[in-house]
Amino acid sequence: MPVQGVLPLKAGSALPHPALSSPSTEATLQSLYNRAARAFLHRDVVLTTALVASAFAMLQPPVALASDALDSHRRKWDILRITLESTVYSSPPDRETLPTTLREILLSSPQAFVTTSHARSLALFTPSSLPRNPTSAFLPHQVLITLVASSIKVNCAILGREMTEDWLSNRGQYDFVPSTGEAYEKVLELYCLHVLPRLGEWDYAKEFLRYESELSLEKRTEFQTSMENLHAQALKDRAIQTPAIVPQRSPSPAPSTSSSSSSLSTISSRTAVPSSRSDSGFPKFRQDSRASSTSITSDVTVTRRSSGQRSTNYTPTPRADPSTSVIRSSRIVQKPLVGTTGQPTGTLALIKEFLRSYLTANRLATLTILFILLPLVSYSIRSRRMRAVSTPQSTADHVKRRLYDARRDSVLSRFWNEVIRAIFDTVRMGGGGLV
């Protein structure tokens, strides 16, 4: 099993005292760094972690407010440690082969991982003689850039923004810490072209560069051109990823919309000036949070038609596959009503349309019972009664019988009379509560 503790340069050799800064300590750190860098390139995580632990056993925060011989070693080793941990955190190998320290890192959240790395770097470069807490005024810009790149790698660009703005607001307090010239340009390039675009703060990044006065004109123009190209590419990619929605039907006269806005605060509470600390009207890092509103519209708009409009072939659009809805809609065929073509219609056509509504299956059965079956039943009952009375019982009955036989009405006329009589009998019985 590989050794996970502190490894010296040679087996059996003693480590130098951490407080001592001698040529032997610098040579040991340089030799360990060459081995650690080679092991990291060969993806030997275990050996790289052991060499990093051995190096930081000799590296301690500085004592005086001045640069010492170990400043470059602190910077190189801290960059290597941050790079190793962010690489393992973003794409972890087999957990069984990882050292215990890296396993503990994998258990933390991205925010906790970035915050712990930043606090550890501040403590490493802040002189121990200061009574106050560690500050970013002593943090080298190379280490800051590595920390910000690590936050972007683990999808925590908001913490990268806070670290950058903290460094910008505290830089320049000590002359032995480089914070102008190339250091300022590199930090600003990462901040404006990578961090703010990741957060969607395109307008604020352009405003920042517009009021910035410490960069040279050529460098500022270069940053602005790069930002315009990045913004145009981002808009193009967003248009490709969001296909246009083709409406299924024509919009109604009174469309209704519903939208909701959601805000995401991405601004830190720190204050910093992007240029040479001149209050020339440039808005400082904002205390309030920018809110980005996203309009959310529903994919189906329900409207009410006006009273003067009437759709004869309207088909509701289902929330399903558009091709399926078109097929289903094409199967629905509705016959237009009389008068929709705009041509004049005659009396015969109106009568046909009126009778057509009554010539359905249910209505035909009702009419058959009412006008055919009931008259036949009534006629048969009346005929049976007449045959039963063969001999008139009185003179009145005899007269009625003779008058009935003397009628010269046709069969159709008699049938029609029976129909009318059956209808009247039915209505009378219904009014009397007999039906």
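This is a predicted model: local features need pLDDT of at least 70, side-chain atom pairs count only at pLDDT 80 or more; totals for chains, interfaces and linings use all residues.

Colleague: Where does Gly181 lie?

Modeller: Gly181 belongs to the loop between α7 and α8. The C-alpha atoms of Gly181 and Glu214 are 8.7 Å apart, while 33 residues separate the two along the chain.

Colleague: Let me step back to the chain. How many helices and strands are there in the protein chain?

Modeller: The chain has 15 helices and zero strands. It holds 435 residues, of which 29% count as buried. If you take contacts between residues at least 6 apart in sequence, 68% of them join residues at least 24 apart.

Colleague: How do I read a pair of packed helices?

Modeller: The general idea is that two packed helices are described by the angle between their axes and the distance between the axes. Take helix α8, residues 182-198, and helix α10, residues 217-241: their axes come within 10 Å and cross at roughly 20°. An angle under 35 degrees counts as roughly parallel, so α8 and α10 are roughly parallel to each other. The crossing of α8 past α10 is right-handed.

Colleague: Which residues of α8 and α10 meet?

Modeller: From α8 come Glu185, Glu189, Cys192 and Leu193, and they meet Lys219, Phe223, Ser226, Met227 and Leu230 of α10. Sorted by class, this contact of α8 with α10 has five nonpolar, one polar and three charged residues.

Colleague: And at what angle do the axes of α9 and α10 cross?

Modeller: Helix α9, residues 202-211, crosses α10 at roughly 170°, and the axes come within 10 Å. That is why α9 is roughly antiparallel to α10. On the α9 side the contact is made by Trp202, Ala205, Lys206, Leu209 and Arg210. The α10 side supplies Arg220, Phe223, Gln224, Met227, Glu228, Leu230, His231 and Ala234. By class, the contact of α9 with α10 has seven nonpolar, two polar and four charged residues.

Colleague: Now backbone angles. What should I look for in phi?

Modeller: Most residues other than glycine have a negative phi. Here Arg43 has a positive phi, near 60°. Arg43 is in the loop between α1 (23-41) and α2 (45-56). Asn155, also not a glycine, has a positive phi of about 60°, and its place is the loop between α6 (141-153) and α7 (157-170).

Colleague: Are Arg43 and Asn155 buried or exposed?

Modeller: Arg43 counts as exposed because its relative accessibility is 75%. Asn155 has a relative accessible area of 66%, so Asn155 is exposed as well.

Colleague: What about Thr146: is it buried or exposed?

Modeller: Thr146, found in helix α6, has a relative accessible area of 15% and is therefore buried. Leaving out residues up to four places away in sequence, Thr146 touches Ile79, Ile82 and Thr83.

Colleague: Finally, how do I set a database annotation beside the model? Which residues does the "transmembrane region" cover?

Modeller: The unreviewed UniProt entry places that annotation on residues 364-381. In the model, the span 364-381 is 100% helix and 0% strand, and its end C-alpha atoms lie 25 Å apart.

How values were computed. Residues are numbered from 1 along each chain as its sequence is written. Side-chain values use heavy atoms; hydrogens and water are left out. Axes are lines fitted to C-alpha atoms, for helices over the stretch in contact, and angles run from 0 to 180 degrees between N-to-C directions. Helices (H or I, at least four residues) and strands (E, at least two) are DSSP runs, numbered from the N terminus. Angles under 35 degrees count as roughly parallel, over 145 as roughly antiparallel, 65 to 115 as roughly perpendicular and the rest as oblique. A crossing is left-handed if the near helix is turned anticlockwise from the far one by less than a right angle, and right-handed if clockwise. Contact means heavy atoms within 4.5 Å. Ala, Val, Leu, Ile, Met, Phe, Trp, Tyr, Cys and Pro count as nonpolar, Asp, Glu, Lys and Arg as charged, and the others, Gly among them, as polar. UniProt positions are given in the numbering used here, feature names are shortened, and annotations may be inferred rather than shown by experiment. Buried means under 20% relative accessible area, exposed over 50%, partly exposed in between (1.4 Å probe, protein chains only).
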